[in-house]
Amino acid sequence: MHLFDQVSPAPADPILGLSDTFRADPRPEKVNLTVGVYQDEAGKVPALRSVTEAELRLTKSGRNRSYLPISGLPAFNEQVQALAFGEGSLLPGTGRIASLQTPGGTGALRVAAEFIAQVLNKRSIWVSKPTWANHPAIFARAGFEIHDYPYFDAKNHGLDREAFINALKAIPEGDVVLLHGCCHNPTGVDPSAADWEQIAGICRERKLVPIVDFAYQGFDRGLAEDTVAVQAFAATDLEFLVASSFSKNFGLYQERTGALHVVADKSQAAGRVLSQLQVLVRTMYSNPPAYGAHIVATILNSTELRAQWESEVAGMRNRIRSMRELFVQHLKNAGVSKDFGFLLEQNGMFSFSGLKPAEVEQLREEHAVYMIGNGRINVAGITSDNVERLCQAIAKVLS
Ligand code: LMR
């Protein structure tokens, strides 16, 4: 008997595992609509020009190579705090937010999970049905009991508002509730500004602990506009958490660049929270990777680079929107009778296509078209080159 005989193989990750299968697929015509990564018109994951320029400046500046503080680069934390809470928000100036640079948005969620479980001693979380596959996995790994609340109306391809709101009202007092700040993953369906006010009000009334997962800021209507959910919570006296990712809006997928913001009722409490977060980080990964944070801080601290970055985010957002239109048009052209017009109402990178697991499998096996098993499509993977083939394949599978 050897030590590792008892180790059974783990299943492949439902998202990143598919990327591996895609990479290994030898068919040259293959189309990747799986992982949430922005691709440009040429099907490439681009380096943003603002990022490349920031890298050049960083190389020239001869930056400090020592460890970052446990909580990360101070200039980064300050800038991304202002970004997440929105221009003109008074919260960042109050000292009520404990901000911490984390290895990506996933790192922010994992640190949040450890903090809530170990320091606040809460282990019950509610996630939307459906949600990003890693949400329940992250919190279950940290010892949480996972519950879900209704969210998506599959028949109308929109928000199941009434069921969602009623379910929120019934969540036991003090429980944790995970919400998507914008561009809901996987459905692309978001609450309206008025809904967010109502949601924040219910969270306050029920004394829930909201975590806003804010991984797609800038991909719905704009960097400032997309703070609507965070602002709705900030407008109350609620204590809540925000997990930000800069993988998508800066294209820093490899640099693992994210942030966790914990909003406390007063600045002394935020200080205590930060001290506990630092202990957790020190025992998990010591301190965060520096490179991505330097890039983000360099861009956000420069008027010129910031303006360039904002226009590049708008460019990505607009390309995705135009791909939604092209996709719907080409599905019609390919003779698909089902109306896919709902794709135009959905936000961000993802859409829930409504394709069934067997259809998704057939698309992959017979047509080399890859999407997530639950029918989620990364619209940012569509280009004017692949859209026709993609739609013909869907037409064949649906016929
Ligand atoms: C996704 O949902 O595809 C992205 O958030 C990437 C990931 O880590 O799963």
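**Notes on the predicted model**

1. Starting with the overall picture: of the 399 residues in the chain, 56% are buried. Keep in mind that this is a predicted model. The chain has 13 helices and 13 strands. Its radius of gyration is 21 Å, close to the 21 Å that the globule rule gives for 399 residues, so the chain is as compact as a globular protein of that length.

2. If you take the contacts with a separation of 6 or more, 75% of them come from residues 24 or more positions apart.

3. The crossing of α3 past α10 is left-handed. On the α3 side the contact is made by A75, F76, Q79, V80 and L83, and on the α10 side by A293, V296, A297 and L300. Sorted by type, the residues of this contact come out as 8 nonpolar, 1 polar and no charged.

4. Next, the cis peptides. K129 and P130 are joined by a cis peptide bond, with omega about 0 degrees. P130 belongs to the loop between β3 (124–129) and α5 (134–141). Another cis peptide bond links N185 and P186, and here omega is about 25 degrees. You'll find P186 in the loop between β7 (176–180) and α7 (193–205).

5. Then the backbone at N121. Phi is near 60 degrees there, a positive value in a residue other than glycine. N121 sits in the loop between α4 (104–119) and β3. Is this residue buried or exposed? N121 is exposed, at a relative accessible area of 58%, where the cut-off for exposed is over 50%.

6. K207 also has a positive phi, about 55 degrees, although it is not a glycine. Where does K207 lie? The answer is the loop between α7 and β8 (209–214). With a relative accessible area of 54%, K207 is exposed.

Key
Residues numbered from 1 in each chain as written. Predicted model: local features only at pLDDT ≥ 70, side-chain atom pairs only at ≥ 80, totals over all residues. Heavy atoms only, no water. Left-handed = near helix turned anticlockwise from the far one by under 90°. Helix = DSSP H or I, 4+ residues; strand = E, 2+ residues; numbered from the N terminus. Contact = heavy atoms within 4.5 Å. Nonpolar A, V, L, I, M, F, W, Y, C, P; charged D, E, K, R; others polar. Rg over C-alpha atoms; globule rule 2.2 N^0.38 Å. Buried < 20%, exposed > 50% of the residue type's maximum accessible area, 1.4 Å probe, protein only.
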